[in-house]
Amino acid sequence: MGVEDALGTAIPGEPGRRAARRGEGGAVGRARGRVVLGEVTLPGVRRSVGVARGFVRDLAADLPAVDDLVMVVSETVANAVTHTASGLAGGRVTVVLLEGDGVYRLEVADDGAAGGRPYVKPEFGAETGRGMRIVEALAARWGFRADGPRTVVWAEFPAPPAGERGRGRDAPVSGPG
């Protein structure tokens with residue numbers, strides 16, 4: 001399933017609901033002064049991790065933090081599908097990218113883990129359990145909040161000053177001369 005398949009399509013098991021398109025806003029909480037750049041709700045299945053990566057990559061293509069945003073959405077959606085009720089039949093994961101207050105904020109809402117909350121595991125050399133450690137390393141700040149039975153994991157990345165937006169990572173700061 002590609003991003004194009006996920007956007008504007010019905011959410012399995014939820015008649016009448018569909019994935020939101022860029023700029024439509026939606027269910028995950030909003031902070032004053034922030035603008036929703038895009039939102040998508042995906043089924044709680046493994047292949048949704050790749051769809052979420054593509055969705056964020058498309059939205060953030062011109063942002064300096066695009067690679068970090070893509071890595072963090074990959075880790076947080078994988079955690080939601082693996083460790084929460086989102087991975088059960090009919091589960092879902094919502095991904096939102098917001099801009100404002102000098103940051104880009106990525107939010108991933110899952111269906112909850114019976115009171116369990118995300119945390120950074122101690123490093124013991126294991127091949128798994130590194131997801132939140134990666135989030136902590138890449139984001140300027142991260143955290144979570146309860147949203148009813150759901151959990152919203154958020155991560156913030158500095159936004160470039162207004163005059164530098166849209167130039168892409170490798171664009172020159174000034175022209176010739």
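## Getting your bearings

A residue is called buried here when its relative accessible area is under 20%, exposed when that area is over 50%, and partly exposed in between, using a 1.4 Å probe and counting protein chains only. Residues are numbered from 1 along each chain as its sequence is written, and side-chain values use heavy atoms, with hydrogens and water left out.

Now for the overall plan. The protein has 4 helices and 7 strands. Both kinds of element are DSSP runs numbered from the N terminus: helices are H or I with at least four residues, and strands are E with at least two. Walk along the sequence and the order is α-β-β-β-α-α-β-β-α-β-β. Of the 177 residues in the protein, 45% are buried. The protein exposes about 9,200 Å², with carbon and sulfur atoms supplying 53% of that; these areas come from the Shrake-Rupley method with a 1.4 Å probe, and for residues only the protein chains shown count as cover.

The predictor's confidence in each residue is its pLDDT, on a scale from 0 to 100. The mean for the protein is 75, and 63% of its residues reach 70 or more. Both ends of the chain call for caution. Residues 1-29 stay under 50, and the model has 61 contacts beyond four places in sequence for them. Residues 167-177 are also below 50, and that stretch has 7 contacts beyond near neighbours in sequence. A contact means heavy atoms within 4.5 Å. Where pLDDT is low, the predicted coordinates should not be read in detail.

## The nonpolar core

A nonpolar core is a set of buried Ala, Val, Leu, Ile, Met, Phe, Trp, Tyr and Cys residues joined through side-chain atoms within 4.5 Å. The largest one here has 34 residues, and Val56, Leu69, Val73, Val77, Val95, Leu97 and Leu106 touch the most other members. At least two residues each come from strand 3 (35-43), helix 2 (47-59), helix 3 (66-83), strand 4 (92-100), strand 5 (103-110), helix 4 (131-138) and strand 7 (150-158). Helix 3 is the top contributor, with 9 residues.

Take Val73 as an example: leaving out residues up to four places away in sequence, it touches Ala52, Arg53, Val56, Val95, Leu106 and Val108. Among the protein's contacts between residues at least 6 apart in sequence, 59% join residues at least 24 apart.

Helix 3 has 18 residues and reaches 25 Å from its first C-alpha to its last, close to the expected 26 Å. That expected span is 1.5 Å times one less than the number of residues. The buried residues of helix 3 include Val66, Leu69, Val70, Val73, Val77 and Val81. Thr82 also sits in helix 3, but it is partly exposed, at 46% relative accessibility. Thr82 and Arg46 are 36 residues apart in sequence, yet their C-alpha atoms are 8.2 Å apart in space.

Helix 2 has 13 residues and should span 18 Å; its end C-alpha atoms are 19 Å apart, which agrees. Ser48, Val49, Val51, Ala52, Gly54, Phe55, Val56 and Leu59 are its buried residues.

## Strands side by side

Two strands pair if DSSP finds at least two bridges between them. Strand 3 pairs with strand 4 in the antiparallel sense over 8 bridges, and Pro43 has Arg92 of strand 4 as a bridge partner.

Strand 5 is mostly covered, with 8 of its 8 residues buried. Val103, Arg105, Glu107 and Ala109 point one way from strand 5, while Tyr104, Leu106, Val108 and Asp110 point the other way.

## A turn worth a look

What is the phi of Asp101, positive or negative? It is positive, at about 55 degrees, although Asp101 is not a glycine. Asp101 lies in the loop between strand 4 and strand 5, a hairpin with 2 residues between the strands. Asp101 is exposed, with a relative accessible area of 51%.

Note on methods: This is a predicted model: local features need pLDDT of at least 70, side-chain atom pairs count only at pLDDT 80 or more; totals for chains, interfaces and linings use all residues.
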